[in-house]
Amino acid sequence: SQTHPEGRPELALFSASLPWRLLNAAVAIGLYLFQTVIPFGIHLDYQATPGMFPVNGVIGLLSLLAVLVLLIGLSIKRWRTEHTPLSSPLVLFLFLLLGLAPTLGIFGSFGEHARADRFYYLPSIACSIGLALLLLRPSWPRLLLGGAFTLFTSCCSIPVVASYRNDYTAFSRTLQFE
């Protein structure tokens with residue numbers, strides 16, 4: 001936890017209210033999922049705003065809602081066809097949540113950076129496994145969709161990669177936004 005940042009006053013472990021921490025966690029999960037599909041705006045800094053609406057909160061909440069609706073729909077479809085309550089997308093989503101849980105700030109404030117790309121490395125494996133499962137039964141539409149998705153995300157990531165060129169570009173961006 002970044003509760004003792006150098007040159008800043010010490011932060012209490014629960015410096016933000018529980019409702020705000022839950023809201024911020026929901027936004028963070030939604031933004032992680034959104035930026036998995038559209039990798040734009042992933043940077044090493046994400047300013048926490050306790051007491052205020054989280055940064056990019058609407059995008060995060062709408063993305064989380066869309067994923068939850070999709071997961072519920074897939075689970076209902078699987079229940080009707082196979083009478084199995086757990087679908088692989090739901091299990092993968094739970095894997096993602098378990099991997100992110102310690103970093104979401106629900107069990108204590110997480111300091112200045114409430115969300116960071118480094119927190120998502122391991123949980124994002126769930127998305128790769130999901131894509132691999134989708135391509136297990138290949139068809140031309142699936143392969144074309146997978147190729148188009150790969151090309152799209154590669155193009156979207158160019159500005160992000162440029163911001164990580166070196167320490168100067170990464171931290172210049174941080175100074176610009178904080």
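The model is predicted: local features need pLDDT of at least 70, side-chain atom pairs count only at pLDDT 80 or more, and totals for chains, interfaces and linings use all residues. Residues are numbered from 1 along each chain as its sequence is written, and side-chain values use heavy atoms, leaving out hydrogens and water.

**Helix α3**
- Helix α3 covers residues 88-100, 13 residues in total. Helices here are DSSP runs (H or I, at least four residues), numbered from the N terminus.
- L92, F93, L96 and L100 are buried in α3. Buried means under 20% relative accessible area, exposed over 50%, and partly exposed in between (1.4 Å probe, protein chains only).
- Down the axis of α3, the buried residues fall within an arc of 100°, so they line one face of the helix. The arc is taken from the directions from the helix axis to the C-beta atoms.
- These buried residues pack against α1 (18-37), α2 (57-82), α4 (117-120) and α5 (125-134).

**Nonpolar core**
- The largest nonpolar core has 17 residues, and L33 and L100 touch the most other members. Such a core is a set of buried Ala, Val, Leu, Ile, Met, Phe, Trp, Tyr and Cys residues joined through side-chain atoms within 4.5 Å.
- α1, α2, α3 and α4 each give two or more residues to this core. α1 gives the most, with six residues.
- Setting aside residues up to four places away in sequence, L100 touches I29, Y32, F119, Y120 and P123. Contact means heavy atoms within 4.5 Å.

**Cysteines**
- The whole structure holds zero disulfides, a disulfide being a pair of cysteine sulfur atoms within 2.5 Å.
- C127 is partly exposed at 27% relative accessible area. C155 is also partly exposed, at 46%.

Notes: Expected span 1.5 Å × (residues − 1).
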